[in-house]
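Subject: Structure for your files

Dear colleague,

Please find the structure below. My notes on what was found in it follow.

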Amino acid sequence: MDMRTAQSRVRGLGSAKEGVAHWWAERLTAIALVPLVLWFAVAAIPMVGADHAAFKAWVGEFGNALLLVLLTIALFHHAQLGLQVVVEDYVHGEAAKVTCLVTIKFWAILCGVATIMAILRVGFAA
Amino acid sequence: MKSENRPLSPHLGIYRPQLTSVLSILHRMTGVAMVAGALIFTYWITAAAYGPEHFERAQSVLGSWFGRVVLLCLTVSLYYHLCNGIRHLAWDAGLGFALPRLQATGWLVVAATLVLTLITWFAAYAARGGA
């Protein structure tokens, strides 16, 4: 039974029915990030203060490049999902909210793709 | 349909801060702080893609006293968000809601954050030969 008023129905108010997908994606990226972040925290230690040649050799190892790419994807996806919730909670003006949400999405894709391209270039360029 | 004057809840000003609420807002704050961490991660790797001079400069910026302070804050944020995130995943599975358990896992997260941060920074200084 639909408990909504006729007016709320015709205005298209109410759930967009997309909340579960967002919630689930936030959890899946979180689960992926647990081992990826712990790997990075251990594996990146020798890169503290390393020179370019050592860094290039490190990223050039296939396993390292693979895990760095996976970390980047999970990290920026999770960041976008989390920041979206923060904006939806605190930014109430419709124009400001949509501007923030779009900016965050573009930022995550820009930084994520730039990082992946850099990993491939550093690790596999001749 | 005006909705501006609806009552807002909770009224944070009238509550005494408690471990659970402080850790809850810290999870969000450290998550937002990690935006800086993500930007530094991107800067670090893209600098390497631009060549040795850019990478060396990035390394010296991150290794400066200011860089180290920022990285230390981000290490604490990262480990806190990681440990408390695992606590959140347990709640999502329906585990650990009893108050004594909430209190215990909360302090465990705080302790794990400090221990993991110390281990990481000890290892980082050891890798640099103490410099």
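Where is the place of A:Gly14 in chain A? A:Gly14 sits in the loop between α1 (6–10) and α2 of chain A; helices are DSSP runs of H or I with at least four residues, strands are runs of E with at least two, and both are numbered from the N terminus. A:Gly14 counts as exposed because its relative accessibility is 60%; buried means under 20% relative accessible area, exposed over 50%, and partly exposed in between, with a 1.4 Å probe and protein chains only.

Before the rest, the conventions. This is a predicted model, in which local features need pLDDT of at least 70 and side-chain atom pairs count only at pLDDT 80 or more, while totals for chains, interfaces and linings use all residues. Residues are numbered from 1 along each chain as its sequence is written, chains are lettered from A and ligands numbered from 1 in the order in which they are written, and side-chain values use heavy atoms, with hydrogens and water left out.

Chain A

Chain A has 5 helices and 0 strands, in the order α-α-α-α-α from the N terminus. The C-alpha trace spans about 65 × 30 × 25 Å along the principal axes of chain A.

Of the 126 residues in chain A, 39% are buried. Contact means heavy atoms within 4.5 Å. Of the contacts in chain A between residues at least 6 apart in sequence, 72% join residues at least 24 apart. The accessible surface is about 7600 Å², and carbon and sulfur atoms account for 71% of the accessible surface of chain A; areas come from the Shrake-Rupley method with a 1.4 Å probe, and for residues only the protein chains shown count as cover.

Chain B

Chain B has 4 helices and 0 strands, running α-α-α-α from the N terminus. Chain B is more spread out than a compact globule, because its radius of gyration of 20 Å is well over the 14 Å that the globule rule gives for 131 residues. Its C-alpha atoms fill a box of roughly 55 × 45 × 30 Å along the principal axes.

Buried residues account for 32% of the 131 in chain B. The accessible surface of chain B is about 8400 Å², with 72% of it on carbon and sulfur atoms.

The cores

The largest nonpolar core has 42 residues, and those with the most contacts inside it are A:Phe55, A:Trp58, A:Leu68, A:Trp107, B:Trp44 and B:Ile45. Such a core is a set of buried Ala, Val, Leu, Ile, Met, Phe, Trp, Tyr and Cys residues joined through side-chain atoms within 4.5 Å. At least two residues of this core come from each of α2 (19–43), α3 (52–60), α4 (62–90) and α5 (94–124) of chain A, and from each of α1 (19–49), α2 (52–63) and α3 (65–92) of chain B. The largest share, 10 residues, is supplied by α4(A). Apart from this core lies another, of 5 residues, among them B:Leu19, B:Leu23, B:Tyr80 and B:Val109.

Individual residues

Leaving aside neighbours within four places in sequence, A:Trp107 contacts A:Phe76, A:Ala79, A:Leu83, B:Val35, B:Ala38 and B:Leu39.

A:Phe76 belongs to helix α4 of chain A and is buried, with a relative accessible area of 3%. Not counting residues up to four places away in sequence, A:Phe76 touches residues of both chains, including A:Cys111, A:Thr115, B:Ala38 and B:Thr42.

B:Thr117 lies in helix α4 (residues 99–127) of chain B and is buried at 8% relative accessible area. With residues up to four places away in sequence not counted, B:Thr117 touches B:Leu72, B:Thr75, B:Val76 and B:Tyr79.

B:Trp65, in helix α3 of chain B, counts as exposed, at 69% relative accessibility. The C-alpha atoms of B:Trp65 and B:Ala126 are 17 Å apart, with the residues 61 apart along the chain.

Regards

Technical notes:
Rg over C-alpha atoms; globule rule 2.2 N^0.38 Å.
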